[in-house]
Amino acid sequence: MGTDIPKQFLPLNGKPILMHTIERFHTYDPAMQIVLVLPSDQQTYWQQLCAQHAFSLPYVVADGGETRFHSVLNGLKKVAPTVSLVGVHDGVRPFVSTDVIARCYDEAARTEAVIPVIDVFETVRHLLPDGSSETVPRNEYKLVQTPQVFSAKLLREAYQQPFSEQFTDDASVVEALGHPITLVPGNRENIKITTPNDLLS
């Protein structure tokens, strides 16, 4: 983002992006347990932001890990044992719709492993070993979003596996157990804020 401030703390409509994200899930279900995974060296700053913005929605903090895998593993340790479904969401996706959240949780109650996806509209090319490239049929691909929602038992079992570089998201960790992943429609606005231009819309 070109700033010294981690992107989840950058302002969006007057308050940090991360607060908007938490509010989306609280709106979906005020009783939902929210576990916020943050690097330990960012937690004091986050507490200062909460005080500054009078942000008082309930959540539990877990320490971030070396990788996404380890961060999720730390977060899982804070999830109450009575919870049956766990959703993992990127803190910098504040535009997820409550309809998509509901769709993911409802389907996960049936199939145990769900991710939201959207269609690929752009042309996609595959880079070949010889340096050339070829167009691939975009109708055979989907773009993956979050929240990725799973049976808590299944997700805990998946995260008992040793870390692998192939684990790019939670679905890939669960897939490594041989469990199928169900796809549901996401919302195109549910972007992962990565560049300054993402804040302009």
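**Salt bridges and their surroundings**

D90 is buried, with a relative accessible area of 9%; buried means under 20% relative accessible area, exposed over 50%, and partly exposed in between, computed with a 1.4 Å probe on protein chains only. This is a predicted model, in which local features need pLDDT of at least 70 and side-chain atom pairs count only at pLDDT 80 or more, while totals for chains, interfaces and linings use all residues. Residues are numbered from 1 along each chain as its sequence is written, and side-chain values use heavy atoms, with hydrogens and water left out.

*Charged pairs*

- Six salt bridges are counted, a salt bridge being a side-chain nitrogen of Lys or Arg within 4 Å of a carboxyl oxygen of Asp or Glu.
- One of them joins R68 to D90, with the closest N and O atoms 2.9 Å apart.
- R68 belongs to helix α3 (residues 68-76) and D90 to the loop between β5 (85-88) and α4 (98-111), so this pair ties together parts that are 22 residues apart in sequence.
- Helices (H or I, at least four residues) and strands (E, at least two) are DSSP runs, numbered from the N terminus.
- R68 is partly exposed, at a relative accessible area of 29%.
- A salt bridge also links the side chains of D170 and R68, at 2.9 Å from N to O.
- Because D170 lies in helix α6 and R68 in helix α3, the pair ties together parts that are 102 residues apart in sequence.
- Another salt bridge pairs E107 with R110, whose closest N and O atoms are 2.8 Å apart.
- Both E107 and R110 lie in helix α4, three residues apart, about one turn of the helix.
- E107 is buried, with a relative accessible area of 17%, whereas R110 is exposed at 61%.

*The setting of D170*

- D170 is part of helix α6 (residues 170-175) and counts as buried, at 0% relative accessibility.
- Beyond its neighbours within four places in sequence, D170 is in contact (heavy atoms within 4.5 Å) with R68, V72, V88, Q148, F150 and Y159.

*Helix α2*

- Q43, W46, L49 and C50 are buried in helix α2 (residues 43-52).
- Seen down the axis of α2, the buried residues fall within an arc of 115°, so they line one face of the helix; the arc is that of the directions from the helix axis to the C-beta atoms.
- The face of α2 turned away from its buried side carries the exposed residues A51 and Q52.
- The cover over the buried residues of α2 includes β2 (15-16), α1 (17-28), β3 (35-38) and β4 (60-63).
- After α2 comes A54, which has a positive phi near 50°.

- Six of the seven residues of strand β6 (residues 113-119) are buried.
- Strands pair if DSSP finds at least two bridges between them.
- β6 runs antiparallel to strand β10 (residues 148-151), joined by two bridges, and A113 stands opposite F150 in β10.
- With strand β11 (residues 182-185), β6 pairs in the parallel sense over four bridges, and V114 stands opposite T182 in β11.
- With strand β9 (residues 142-144), β6 pairs in the antiparallel sense over three bridges, and I118 stands opposite L143 in β9.
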